[in-house]
Amino acid sequence: MIQRPPLAEDKLAMLIGGRWAAAASGEYFESFDPFTGKAWALVPRAGVADVDAAVEAASQAFRGEWRSMTASARGQIMARFADLVAEEAENLAVLETRDNGKLINEMRMQCKYIPQWFRFFGGLADKIEGRVIPIDKPGVFNYTKLEPLGVVAAITPWNSPLMLATWKLAPALAAGNTVVWKPSEFSSVSALFFGRLFEKAGFPKGVVNIITGFGHEIGDRMVTHPRVAKVAFTGGDATGRRVYQAAAGGLKKVTLELGGKSANIVFADAKLEAAIPGLVSGIFAATGQTCIAGSRALVQRSVYDQVVEKLVAFAKTARIGDPLDPDTQVGPITTLPQRKKVLDYIGIARDEGALQLLGGKVPEDKAIADGWFVEPTMFGNVSQSMRIAQEEVFGPVLSIIPFEDEDEAVAIANDSIYGLAAGLWTQDIGRGIRLPDRLEAGIVWVNMYRATSYLSPFGGYKQSGFGRENGRTAIYEYLQEKSVWIDAGNSIPAPFVQR
Ligand code: NAD
């Protein structure tokens, strides 16, 4: 096992109004390392009073120095922050892996990539322009401005803690908002170290506040607080629904990035040597704990047996082990309840008659017995009526579904309440262009899978959510348009008629 030195501090602190604070109650909760199964950090257990303090700090910061700063100056602070994250990327990656058990290679890649978001959106800060409207009223000058919304409540899940927060924080800050961010209770440690870099980069106090605690205890207050203007949420669809309902009471703006049951479709004409690792990376990378997991492999019947055989052979070679070891390919599940959920779904799939092709249990290897592992698991001959074909498992469980032709592939892929992503493997250029139009998904990859960038929009169709993160247009999710009218003609208004 790779060394896991203890943290320098016994107890971590939250960032509220530029102050490093314990919870008002003085309570803490334990954060667990999913590989050792042991608690490794003590995190403040925020209560409603802490939410109120953080929102108050963010609200004051919104009206203070941050608001009067030029957009260029805001962008420069974000660029400084990007440099600091780049310097700290390795440390942050190790913290993330210890907290959520995801592979060090993946967390390294994410932590090294995060600075690009702050550079890109920081650079965009002073390129947000209003318009002059050629208004149809003589002597009147009409222009528009894009203004920030105010306090943004950002709520994020445990699977890619810093990356998914970055997708919210970078555009929100570039647009001039202030933020109260609550990471998942299962992965709060890296957030609190990330928080130190905001201070160092020169963000005014209160612009970024980080509170740690349980969603069921403080989530509702974050969403309903009267001074929160917008809720940016990533998480499961059941929680998303609750957040949306709670936010409706205060008519707050909301973006929701939710779950998925994404189809990864292999046609007989695909280059199979690329499609097979593509299917594997779609589901077993991140141990299936990714919203864009290609958890349904749709395989054309004429190559079904061949693909299944190769897929099983390839997946069998995946190295399960310590996520801090760069040679490991499959790590543990982040939480014990989530492992139970994954194992329950495996049982349901068997009961419903799916054919188990691989895995299906907790690994027997004693060297990893303390970790919360589930073997990479595959089910064949899955039909659309099975729960395993419809519900998000969020674990290393692949459902393989045969199809006859293009129409049937599209029908199966679209037969889902979700619409986050889809993958398509084909050498037919016409099909590669035609099918993305027919797939009900916010992201479609052709002959590739699971790529994201700060440059390209990310978000769901149907019950995978709404609003877009990443790409230039994401900043507009954090802006509102104001129309300013000026009478430049010195006219005397007619008092009782609309002008
Ligand atoms: P979750 O919904 O349980 O928790 C997400 C966040 O919501 C956590 O911070 C949690 O504390 C908070 N929360 C819980 N109850 C709340 C409440 N009542 N009010 C406000 N906040 C509350 O999700 P999870 O288990 O941490 O993450 C897994 C889910 O996230 C999966 O469904 C996955 O598909 C989804 N996800 C989506 C994306 C995306 O971009 N579409 C990315 C990653 C994960």
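Buried means under 20% relative accessible area, exposed means over 50%, and partly exposed lies in between (1.4 Å probe, protein chains only). This is a predicted model, in which local features need pLDDT of at least 70, side-chain atom pairs count only at pLDDT 80 or more, and totals for chains, interfaces and linings use all residues. Residues are numbered from 1 along each chain as its sequence is written, and side-chain values use heavy atoms, with hydrogens and water left out.

**Exercise 1. Q300**

Task: Decide whether Q300 counts as buried or exposed, and list its contacts beyond its sequence neighbours.

Solution: 
- Step 1. Find the element. Q300 lies in strand 13, residues 296-300. Strands are DSSP runs of E with at least two residues, helices are runs of H or I with at least four, and both are numbered from the N terminus.
- Step 2. Apply the cut-off. Q300 has 12% relative accessibility, so it counts as buried.
- Step 3. List the contacts, where contact means heavy atoms within 4.5 Å. Setting aside neighbours within four places in sequence, Q300 meets V266, F267, A268, F403, E404 and D405.
- Step 4. Compare sequence with space. Q300 and D269 are 31 residues apart in sequence, and their C-alpha atoms are 9.3 Å apart.

**Exercise 2. R301 and D405**

Task: State which elements hold R301 and D405, and class the accessibility of R301 and of D405.

Solution: 
- Step 1. R301 lies in helix 10, residues 301-316.
- Step 2. R301 has 44% relative accessibility, so it counts as partly exposed.
- Step 3. R301 touches P402, F403 and E404, with residues up to four places away in sequence not counted. V266 is 35 residues from R301 in sequence, and the C-alpha distance is 9.8 Å.
- Step 4. D405 sits in the loop between strand 16 (397-403) and helix 13 (406-414). At 39% relative accessibility, D405 is partly exposed.
- Step 5. Take a distance. D405 and F466 are 61 residues apart along the chain, with 31 Å between their C-alpha atoms.

**Exercise 3. Positive phi**

Solution: 
- Step 1. L251 has phi near 45°, a positive value in a residue other than glycine.

**Exercise 4. Two helices**

Task: At what angle do helix 4 and helix 5 pack, and which kinds of residue make the contact?

Solution: 
- Step 1. Helix 4 (residues 104-124) and helix 5 (residues 161-174) pack at about 5°, and their axes are 9 Å apart. Axes are lines fitted to C-alpha atoms, for helices over the stretch in contact, and angles run from 0 to 180 degrees between N-to-C directions.
- Step 2. Name the arrangement. The helices are therefore roughly parallel, a term for angles under 35 degrees.
- Step 3. Pick out residues. The contact includes W117, F118 and F121 of helix 4, and W167, L169 and L173 of helix 5.
- Step 4. Sort them. The contact has 16 nonpolar residues, three polar and no charged. Ala, Val, Leu, Ile, Met, Phe, Trp, Tyr, Cys and Pro count as nonpolar, Asp, Glu, Lys and Arg as charged, and the others, Gly among them, as polar.

Conventions. Angles under 35 degrees count as roughly parallel, over 145 as roughly antiparallel, 65 to 115 as roughly perpendicular and the rest as oblique.
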